[in-house]
Amino acid sequence: MLGRLAAVDKIIEAHGSDREGLIQILLDIQREFRWLPKEILEHVSKRLDVPINYIYNLTTFYAHFSLVPKGRHSMHVCMGTACHVRGAERLLDRTSQVLGIKPGQTSRDEKFSLDTVNCLGACALGPVMIADDEYLSNPTLEDIRRKADSCE
Amino acid sequence: MSEIIKLSSPSDFESLREKIIKGRDPNRTAVAVCSGPGCLAYASGKVFKRFEEALSAAGLEGEVTLAQTGCHGFCERGPSVVILPDEICYLRVSPEDVNEIVETTLKNGAVVERLLYKGEDGLPIQKESDIPFYKYQQKVVFGDNKRIDPRSIEDYIARGGYTALVKAITTMTPEAVIAEVKDSGLRGRGGGGFPAGAKWEATAKPPADTRYVIVNADEGDPGAYMDRGILEGNPHSVIEGLMIGGYAIGANEGYIYVRQEYPLAIDNVLYALDVLRELGLLGENILGTGFSFDIIVHKGAGAFVSGESSALMSAIEGRVGEPRPKYIRTSISGLRGKPSCLNNVETWANVPLIINKGANWFKSIGTEGSKGTKIFSLVGNVKNTGLVEVPMGMTLRQIIFDIGGGIRDDKEFKAVQTGGPSGGVIPEEMLDLHVDYDELYSAGSMMGSGGMIVMDKDTCMVNVAKYFLEFLSDESCGKCVPCRDGIDQLLEVLRRMTAGTARPDDLDLIEDISVMMKECALCGLGQSAPNPVLSSIKYFKDEYVAHINDKSCPGGVCKALIAYTIDVEKCIGCGKCMKVCPVNAISGDKKKPHKVNNALCVKCDSCYQECPSKVQAVTKIRQADVITAFATSEEAANE
């Protein structure tokens with residue numbers, strides 16, 4: 001825990017303890033830990049002298065922040081309009097079926113997280129998903145299963 | 001930059017510019033590997049690596065320039081590699097092709113024909129600008145992407161970069177800069193189309209000790225990635241525009257608000273800013289002119305509504321990005337209560353061009369009320385997906401059919417959606433509409449930031465309207481009731497329609513809710529939220545009626561209303577559908593007609609897509625008809 005807080009202090013120092021930098025601080029913390037654990041937010045609240053409810057207001061407003069742990073492997077299905085008209089909903093169904101979790105959820109073993117994004121900017125490949133860093137263009141059930149099996 | 005010498009006067013800049021240009025051979029061979037988001041997804045990173053290895057193995061590093069550039073535009077055929085100066089355009093390049101390109105083209109000056117674009121007559125087209133996708137475009141803002149390494153300020157300066165800034169701060173008064181932008185007729189490229197010059201003037205006017213200029217790079221429209229393409233590929237063009245704006249308005253601080261989902265754009269901008277500071281083109285007393293300016297990058301944490309000007313400024317202040325009522329505009333009281341001018345990425349990128357080439361040049365492009373070019377992300381069910389830049393006033397038909405190559409799989413065109421969640425759909429009979437701010441608005445849609453989503457006959461307009469409302473329901477900040485509850489009520493009605501439980505007066509209800517939202521919502525998000533629904537009712541009312549009265553989905557999309565069946569006359573018993581079915585709902589012997597068990601079917605559409613296009617035995621029918629069929633067969637069994 002102390003090690004984690006030291007890492008948080010480093011992030012705060014990089015941005016300064018002004019309230020204006022709060023979103024940037026939270027973004028860096030999210031990147032470091034993949035989510036925003038409660039005790040870390042409490043620590044930030046103390047360090048910046050900002051009420052904890054103010055921080056929760058931010059973290060529940062912005063889509064990028066997560067208050068629950070994220071899996072070691074992330075699956076993002078693009079829900080952009082271009083992907084939508086090419087069958088993104090069906091792709092999301094397939095992915096959800098393979099992983100056994102719904103969008104926004106993390107599997108019990110914290111192996112996978114399934115999320116939707118509004119546009120990946122890879123419309124030519126639509127419907128498209130990103131499995132960790134790999135783009136999969138309209139993968140079949142079998143393709144997704146293969147990808148999931150290859151994850152440690 | 002190899003060695004940085006701080007520039008302290010305009011003549012310092014001029015001599016640097018001359019030195020860069022003199023040191024460059026315009027005929028030098030250069031390889032531009034596209035690293036836009038589309039090409040990267042097609043593994044263009046590996047192609048680039050392979051080029052590095054192959055060039056060094058061939059001993060050509062000294063003779064050939066290799067660059068990972070921003071988006072070239074033709075995402076459909078990525079990864080794209082362009083060999084300059086001849087503009088030889090290779091498409092769908094895989095890492096395995098690289099050695100052949102180096103051997104054949106770079107060493108022996110011949111072309112690798114199989115990687116060229118094939119025209120309709122089947123003949124290969126060598127030059128990029130001769131390919132139909134590029135031929136009808138007019139690349140003014142986006143054209144330098146393939147000639148610029150986003151990490152090289154020398155590349156930008158060699159293309160005339162920062163000469164507009166120097167011209168503005170050394171030879172023009174701030175008022176003259178504003179007058180030029182005003183005269184050019186440049187309108188905001190982010191959606192609303194507000195005249196940029198008027199906004200600048202309004203920000204410069206009120207007495208204040210501090211003013212701000214801001215780039216809106218919170219590109220949140222689903223299906224649009226133009227700003228990303230500019231910021232990743234040519235960050236200096238946006239920065240230069242912002243600096244000119246800062247000078248004109250009297251701001252010493254600029255912000256770039258960019259969504260954190262664009263890490264490459266953020267990296268390239270931060271890198272560019274560092275170089276500019278080292279060069280002395282950013283900071284105190286730039287080039288000794290007395291103009292001081294610096295830029296801060298703020299990463300957005302993901303909220304569509306934060307693209308609204310007052311909301312975006314709240315977000316920069318570290319608060320929740322919610323809009324406020326704008327009795328007082330942000331040009332008078334914006335960021336930290338100071339006069340602030342917010343423009344979109346593409347708007348800023350147009351500014352250096354206007355200053356350098358003049359308002360008259362800019363006015364010569366476009367239509368009466370919309371000047372210049374516009375970049376669109378042409379996506380959806382179109383053959384040539386990609387980013388296209390066209391003069392204002394081009395018709396939708398030209399964009400979709402001449403540039404876009406028509407509809408994928410040669411299906412029938414149904415509609416095109418512009419303006420994202422605030423815009424609307426445009427039907428086939430209006431394809432000859434000239435694309436500009438005013439014509440799109442009068443058609444019930446809007447320009448928006450430039451998303452252009454093409455839809456074929458297999459698209460359900462009710463479903464698309466529902467899609468946008470679901471998006472908006474997630475993204476509404478919830479501050480005002482008309483938007484928060486209005487969207488959810490509209491969504492409820494559309495959910496009923498797609499579920500087959502619509503009420504006869506639902507269309508009137510939509511009308512009522514929409515009028516209320518347009519009149520009462522706090523910001524543009526809520527006021528324009530009914531647009532996707534209203535425009536599709538305007539042009540595709542019969543589809544809504546079919547959902548309500550007939551409980552059928554003509555587009556064959558709404559799961560609750562459709563069912564799958566196999567036409568025994570057409571089925572050849574190839575078994576493809578059976579193999580792909582995830583729930584084993586299809587049965588049948590080889591070479592004999594197959595059957596769908598509708599009780600098991602989860603309507604995943606896999607069989608429909610898998611059935612060979614020549615056969616088309618899998619068809620969609622009304623769900624209501626399946627139940628009847630069941631009842632009859634059960635009745636028959638009972639008897």
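The dialogue below goes through these features one by one.

Mentor: Please bear in mind throughout that this is a predicted model.

Trainee: How is chain B divided into domains?

Mentor: The domain assignment gives domain 1 (25-130), domain 2 (160-363), domain 3 (373-459), domain 4 (462-550) and domain 5 (559-638) of chain B. The C-alpha centres of domain 4 and domain 5 of chain B are 33 Å apart.

Trainee: How should I read salt bridges, and how many does the structure hold over all chains?

Mentor: Side chains of opposite charge can pair when their charged atoms come close. Over all chains, the structure holds 43 salt bridges. In one of them, Glu39(A) meets Arg4(A), with an N to O distance of 3.0 Å. This pair links distant parts of the chain, since Glu39(A) belongs to helix H3 (residues 38-48) and Arg4(A) to helix H1 (residues 2-15) of chain A, 35 residues apart. Glu39(A) is partly exposed at 33% relative accessibility, and Arg4(A) is partly exposed at 30%.

Trainee: Which residue forms a salt bridge with Lys383(B), and where do the partners lie?

Mentor: The partner is Asp410(B), with the closest N and O atoms 2.8 Å apart. Lys383(B) is in the loop between strand E11 (373-380) and strand E12 (386-391) of chain B, while Asp410(B) is in the loop between helix H16 (396-403) and strand E13 (413-418), 27 residues apart. Lys383(B) is partly exposed, at 32%, whereas Asp410(B) is exposed, at 61%.

Trainee: Which residues of chain B are linked in a network of salt bridges?

Mentor: The network consists of Lys411(B), Asp456(B), Lys457(B) and Asp458(B).

Trainee: Why does Thr347(B) count as buried?

Mentor: A residue counts as buried under 20% relative accessible area. Thr347(B) is therefore buried, because its relative accessibility is 1%. This residue lies in helix H14 (residues 345-357) of chain B. Its side chain reaches the backbone nitrogen of Arg189(B) at 2.9 Å. Beyond its sequence neighbours up to four places away, Thr347(B) touches residues including Leu186(B), Gly188(B) and Ala196(B).

Trainee: Which residues make the nonpolar surface patch of about 390 Å²?

Mentor: Tyr327(B), Ile328(B) and Ile332(B) make that patch. Ile328(B) sits in the loop between helix H13 (309-316) and strand E10 (340-344) of chain B. With a relative accessible area of 48%, Ile328(B) is partly exposed.

Note on methods:
Residues are numbered from 1 along each chain as its sequence is written. Chains are lettered from A and ligands numbered from 1 in the order in which they are written. This is a predicted model: local features need pLDDT of at least 70, side-chain atom pairs count only at pLDDT 80 or more; totals for chains, interfaces and linings use all residues. Side-chain values use heavy atoms; hydrogens and water are left out. Patches are made of residues with over 30% relative accessible area and no salt bridge: like charges are joined within 9 Å, nonpolar side chains (Val, Leu, Ile, Met, Phe, Trp, Tyr) within 5 Å. Accessible areas come from the Shrake-Rupley method with a 1.4 Å probe; for residues, only the protein chains shown count as cover. A salt bridge is a side-chain nitrogen of Lys or Arg within 4 Å of a carboxyl oxygen of Asp or Glu. Helices (H or I, at least four residues) and strands (E, at least two) are DSSP runs, numbered from the N terminus. Buried means under 20% relative accessible area, exposed over 50%, partly exposed in between (1.4 Å probe, protein chains only). Domain bounds come from an automatic or database domain assignment. A polar contact is a pair of N or O atoms within 3.5 Å; within protein, one must be able to donate a hydrogen and the other to accept it, and residues adjacent in sequence count only if both atoms are side-chain atoms. Contact means heavy atoms within 4.5 Å.
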